[in-house]
Amino acid sequence: MRVIFIGDVVGSAGREALAAVLPSIRRDYNVDLAIVNGENSADGNGIDARSAQAIYDAGADVITTGNHSFRKNSISEEYERRDTLLRPANFGDYVPGKGLCELDFGSYSAAVVNLIGTAYMQPVDNPFKCAEEILKKITSNIVIVDFHAEATSEKRAMGFFLAGRVSAVFGTHTHVQTADEEIIDGSGYITDVGMTGAHNSVLGVEKNVIIEKFLTYYPKKHVNASGECDICGVFAELENKSGKCVKLERFCRKYNGC
């Protein structure tokens, strides 16, 4: 199985870049499954029905999210309606949606799991214990985990914790692609796959807004940046029967149309 995972789509610029570039990435890697983190894809912040549809229209099969999953109130209905739109599983059972989906590819199946970290983040259920419980439910040999977390130590720990038990652990949330991709005991791992958004920005936000915020400590409304965009992600080749990762490659494409 050939999988691509693309990092946090930021605003309209990220959506436009994804729509322009994802089809060619799918062709280049002959992709069976495309997973995209879309938690920042709505204008302003969060994800809504419009931005989710744009990501699907661009060619995504599964959308994962993170700490901004419910920033837009209207998204709750979409989580209930779509099996392939995920929010972190360790948000618990009292919020709409789910953190796991399994997809049937005929001779094999694949599971996608969405988890969120606890270090420097909002209080949620323990992601490590949640991962243990989810693994008991999954019937697929191929298991891909989006671990949306702030601390590199927590992401790294999750990578080792799930090594040999899942096909891949891909970190999201910090928007900066890391250069530590590796295969650990048959599991693909990278601390952060990066973002899909304006390059000349601070994590997809207008740089001057963030600079002023650091200079003055005054609250500032975030404005998504535009211009040349990065489309960052990873490609993984997985064995259908064992679920093991046999190849892992990060990529970062450029798009000048935003």
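Val176, Val202 and Leu203 together form a nonpolar surface patch with about 220 Å² of accessible area. Such patches consist of residues with over 30% relative accessible area and no salt bridge, where like charges are joined within 9 Å and nonpolar side chains (Val, Leu, Ile, Met, Phe, Trp, Tyr) within 5 Å. Accessible areas come from the Shrake-Rupley method with a 1.4 Å probe, and for residues only the protein chains shown count as cover. Val202 is located in the loop between strand 11 (195-198) and helix 6 (207-216); helices (H or I, at least four residues) and strands (E, at least two) are DSSP runs numbered from the N terminus. With a relative accessible area of 30%, Val202 is partly exposed. In this classification, buried means under 20% relative accessible area, exposed over 50%, and partly exposed in between (1.4 Å probe, protein chains only).

The model is predicted: local features need pLDDT of at least 70 and side-chain atom pairs count only at pLDDT 80 or more, while totals for chains, interfaces and linings use all residues. Residues are numbered from 1 along each chain as its sequence is written, and side-chain values use heavy atoms, with hydrogens and water left out.

The structure holds 1 cavity of 30 Å³ or more. A cavity is a set of points, on a 1 Å grid over the protein atoms alone, where a 1.4 Å probe fits but cannot get out; lining residues have an atom within 4 Å of a point. Grid points are joined across faces, edges and corners, and a volume is the space filled by probe spheres set on the points. The largest cavity contains about 40 Å³ of space. Its lining is made up of Val113, Leu115, Ala131, Ile134, Leu135, Ile138, Val143, Val145, Leu162 and Val166. By class, the lining of the largest cavity comprises 10 nonpolar residues, no polar and no charged ones. Here Ala, Val, Leu, Ile, Met, Phe, Trp, Tyr, Cys and Pro count as nonpolar, Asp, Glu, Lys and Arg as charged, and the others, Gly among them, as polar. At least two lining residues come from each of strand 6 (109-116), helix 4 (127-137) and strand 7 (142-148). Helix 4 gives the most, with 3 residues.

**Salt bridges**

Side chains of opposite charge can pair when their charged atoms come close. A salt bridge is a side-chain nitrogen of Lys or Arg within 4 Å of a carboxyl oxygen of Asp or Glu. By this rule the count comes to 15 salt bridges.

Glu237 is partly exposed at a relative accessible area of 28%, and Arg2 is partly exposed at 24%.

Arg15 belongs to helix 1 (residues 11-29) and Asp43 to the loop between strand 3 (33-37) and helix 2 (49-58), so the pair ties together parts that are 28 residues apart in sequence. Arg15 counts as buried at 11% relative accessibility, whereas Asp43 is partly exposed at 39%.

Since Asp230 lies in strand 12 and Lys254 in strand 13 (residues 245-255), the pair ties together parts that are 24 residues apart in sequence. Asp230 is buried, with a relative accessible area of 8%, whereas Lys254 counts as partly exposed at 44%. Salt bridges that share partners also join Arg15, Asp43 and Arg50 into one network.

**Contacts along the chain and backbone angles**

Met1 is found in the segment before strand 1 and counts as buried at 7% relative accessibility. The C-alpha atoms of Met1 and Asn240 are separated by 5.9 Å, although these residues are 239 residues apart along the chain. Asp146, in strand 7, counts as buried at 0% relative accessibility. Its C-alpha atom is separated by 10 Å from that of Tyr189, 43 residues apart along the chain.

Most residues other than glycine have a negative phi. Asn30 has a positive phi near 50°; Asn30 sits in the loop between helix 1 and strand 3 and is exposed, with a relative accessible area of 53%. His173 likewise has a positive phi, near 105°. The place of His173 is the loop between strand 8 (168-172) and strand 9 (182-184), and at 13% relative accessibility His173 counts as buried.

Methods: On a 1 Å grid over the protein atoms alone, a cavity is a set of points where a 1.4 Å probe fits but cannot get out, and a pocket is an open set with protein on both sides within 12 Å along at least five of seven lines; lining residues have an atom within 4 Å of a point.
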